[in-house]
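Subject: Structure handover

Hello,

The structure you asked for is below, and my notes come after it.

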Amino acid sequence: MTEAEQEKAPDLAALEQEGEIGADYVEGLLDIADIDGDIDMDVEGDRALVSVVGVKGTDLVGQSGEILEALQELTRLAVHRQTGERSRLMLDVAGYREKRRAELSKLGTEVAETVRRNGEPKSLHPMTPFERKIVHDAVAAAGLRSESEGEEPHRFVVVLPV
């Protein structure tokens with residue numbers, strides 16, 4: 001591995017520490033809210049992943065994932081407070097993100113096909129950065145290109161013809 005590659009490679013120990021801090025924080029929240037659930041930790045790519053499994057209902061997710069996003073930001077702040085480093089930790093509850101990833105990947109592929117057929121750009125509804133990345137990846141895999149436009153929290157993907 002070259003020196004440049006070593007600098008870009010994620011620090012596994014630091015990511016595991018982020019996951020442990022995040023898991024402890026989320027476990028504390030679950031205790032306070034008296035919600036049963038188990039915590040799984042992992043490192044996926046260049047980020048720590050904390051998953052709450054075994055919970056029932058959508059109380060920790062919200063109708064469109066807004067509660068999950070807020071909990072993720074609070075967890076990232078807790079990690080930052082302890083480490084002094086910006087965290088890219090990903091929080092998932094009851095597999096919501098994996099289900100959402102499949103939905104958005106399918107959406108990106110379908111919109112790309114529509115744009116390819118009619119040759120006109122198509123704007124999608126506002127999405128989180130996590131959601132936009134999945135759509136961008138699906139559009140690129142379909143051979144088209146896409147851009148993000150607008151300002152947070154109303155930033156959205158535009159799929160462009162070739």
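Predicted model: local features only at pLDDT ≥ 70, side-chain atom pairs only at ≥ 80, totals over all residues.

Residues are numbered from 1 along each chain as its sequence is written, and side-chain values use heavy atoms, with hydrogens and water left out.

Sheet. Three strands form an open sheet in the order β1-β2-β3, with mixed pairing; strands are DSSP runs of E, at least two residues, and helices runs of H or I, at least four, numbered from the N terminus. Two strands pair if DSSP finds at least two bridges between them. β1 (38–44) and β3 (90–93) are the edges, each with a single partner strand, so one side of each has no neighbour in the sheet. β1 and β2 (residues 47–53) pair in the antiparallel sense over seven bridges.

Pocket. A pocket is an open set of points on a 1 Å grid over the protein atoms alone, where a 1.4 Å probe fits, with protein on both sides within 12 Å along at least five of seven lines; lining residues have an atom within 4 Å of a point. The largest pocket is lined by 30 residues, with R97, T128, P129, F130 and E131 nearest its centre. α5 gives the largest share of that lining, six residues.

R101. This residue lies in helix α4. R101 and V135 are 34 residues apart in sequence and 8.7 Å apart in space, C-alpha to C-alpha.

Regards
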